[in-house]
Amino acid sequence: MERAVPPTVPLGQMEVFQALQRLHMTIFSQCFSPCGKFLAAGNNYGQIAIFSLSAALSSEAKEETHDGPVYSMVSTDRHLFSAGDGEVKAWLWAEILKKGCKELWCRQPPYRTSLEVPEINALLLVPKENSLILAGGDCQLHTMDLETGTFTRALRGHTDYIHCLALRDRNPEVLSGGEDGTVRLWDLRMAKEVQTIEVYKHEECSRPHNGRWIGCLATDSDWMVCGGGPALTLWHLRSSTPTTIFPMWAPQKHVTFYQDLILSAGQGPCVNQWQLSGELKAQVPGSSPGLLSLSLNQQPAAPECKVLTAAGNSCRVDVFTNLGYRAFSLSF
């Protein structure tokens with residue numbers, strides 16, 4: 001589908017309008033296809049672009065999909081899930097490249113009032129229970145059963161909206177980080193909160209000038225890394241102890257474990273590579289002035305498409321074929 005142009009814009013001004021759209025574009029979310037050969041990216045205009053990694057990484061299809069920004073996306077073997085203002089949509093990968101592709105279904109969690117339409121900032125798949133967890137502006141974690149499409153529980157504890165989620169694979173546990181400055185650990189079997197870390201209250205992590213909000217987190221067994229207003233910090237979860245403070249002044253918006261490294265991005269154009277000891281191994285510049293998401297394509301079915309992608313405050317998705325440099329960029 002072509003990018004929509006308001007009816008009040010004369011056709012002669014179409015290119016100007018589209019150029020202005022690209023100038024003010026923010027890419028919030030990314031997700032790789034199960035085959036590893038396609039990348040989906042969602043922006044602030046409610047558009048999802050599908051890029052072909054195997055065909056010179058050119059844009060294959062664009063669809064208008066949401067009434068508001070696409071804040072988060074995740075993928076299963078068959079489906080792409082995307083979330084925006086108040087709702088989550090499902091798409092079949094088998095149909096997604098066909099022109100005129102329509103969503104398979106659209107669901108809205110049971111919010112407290114019918115007038116409430118909070119954004120959904122984060123999606124998380126829980127494969128062991130075949131469920132999808134949604135979190136965002138209503139300060140709750142909602143669990144949806146993917147078999148039936150019904151919402152089965154709501155986990156309450158955060159006092160401000162939730163930015164990020166992470167799954168502990170070996171345990172049915174989920175971590176959530178929010179604007180209230182806490183990281184909370186939830187036991188899905190008992191459907192309750194079992195641990196709270198108030199990051200900003202630890203003097204070594206606190207940065208009052210940046211605020212207390214937690215904007216990113218990732219977990220690897222008994223370890224967690226999180227950041228935002230407070231410093232990017234590695235934590236030992238069992239003891240609730242900060243073990244490494246990473247010397248990064250700018251707030252970080254995305255973080256992930258990768259082999260023996262931690263990758264982070266946020267304010268500024270660089271993807272940061274950290275040793276677990278806290279040493280900055282490398283800063284690799286991209287083309288966007290600020291980065292909001294990183295995505296690693298590690299699908300074994302497409303080893304030739306093994307890349308890292310980074311996107312944020314521009315219409316471009318940077319592609320790193322190795323961690324040392326940006327190879328090229330894709331563009332909406």
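Buried means under 20% relative accessible area, exposed means over 50%, and partly exposed lies in between, with a 1.4 Å probe and protein chains only. These legends describe a predicted model, in which local features need pLDDT of at least 70, side-chain atom pairs count only at pLDDT 80 or more, and totals for chains, interfaces and linings use all residues. Residues are numbered from 1 along each chain as its sequence is written, and side-chain values use heavy atoms, with hydrogens and water left out.

**View 1. A salt bridge between Glu 193 and Arg 184.**
The closest N and O atoms of Glu 193 and Arg 184 are 3.1 Å apart, and the two residues form a salt bridge (a side-chain nitrogen of Lys or Arg within 4 Å of a carboxyl oxygen of Asp or Glu). Arg 184 is buried because its relative accessible area is 10%. Glu 193 has a relative accessible area of 25%, so this residue is partly exposed. The structure holds 11 salt bridges.

Asp 222 and Arg 168 form a salt bridge, with 2.9 Å between the closest N and O atoms. This pair links distant parts of the chain, 54 residues apart: Arg 168 is in strand 13 (residues 162-168), and Asp 222 is in the loop between strand 17 (214-220) and strand 18 (223-228). Helices (H or I, at least four residues) and strands (E, at least two) are DSSP runs, numbered from the N terminus. Asp 222 and Arg 168 are both buried. A network of salt bridges links Arg 168, Glu 173, Asp 222 and Arg 238.

Ser 221 is a residue other than glycine, yet its phi is positive, near 60 degrees. Ser 221 sits in the loop between strand 17 and strand 18. Its relative accessibility is 30%, so Ser 221 counts as partly exposed. Gln 259, also not a glycine, has a positive phi of about 55 degrees. Gln 259 is in the loop between strand 21 (252-258) and strand 22 (261-266). Gln 259 counts as exposed because its relative accessibility is 62%.

**View 2. The salt bridge of Arg 326 with Asp 318.**
The side chains of Arg 326 and Asp 318 meet in a salt bridge, at 4.0 Å from N to O. Asp 318 is buried because its relative accessible area is 0%. Arg 326 has a relative accessible area of 35%, so this residue is partly exposed.

**View 3. The aromatic pair Phe 51 and Phe 332.**
Rings of Phe, Tyr and Trp (its six-membered ring) pair if their centres lie within 6.5 Å; planes under 30 degrees apart count as stacked, over 60 as edge-to-face and the rest as tilted. By this rule there are 4 aromatic pairs. The ring centres of Phe 51 and Phe 332 are 6.1 Å apart and the planes are at 90 degrees, so this pair is edge-to-face. The pair links distant parts of the chain, 281 residues apart, with Phe 51 in strand 3 (residues 47-52) and Phe 332 in the segment after strand 28 (328-331). Phe 51 is buried because its relative accessible area is 1%. Phe 332 has 6% relative accessibility, so this residue also counts as buried.

Ser 176 lies in strand 14 (residues 173-178). At 0% relative accessibility, Ser 176 counts as buried. Its side chain makes a polar contact with the side chain of Trp 186, at 2.8 Å. A polar contact is a pair of N or O atoms within 3.5 Å; within protein, one must be able to donate a hydrogen and the other to accept it, and residues adjacent in sequence count only if both atoms are side-chain atoms. Leu 175 is also in strand 14, and its relative accessibility of 1% is why Leu 175 counts as buried. Between Leu 175 and Tyr 71 there are 18 Å in space, C-alpha to C-alpha, and the two are 104 residues apart in sequence.

**View 4. His 142 and its contact with Asp 138.**
His 142 is in strand 11 (residues 140-145). This residue has 3% relative accessibility, so His 142 counts as buried. The side chains of His 142 and Asp 138 make a polar contact at 2.7 Å.
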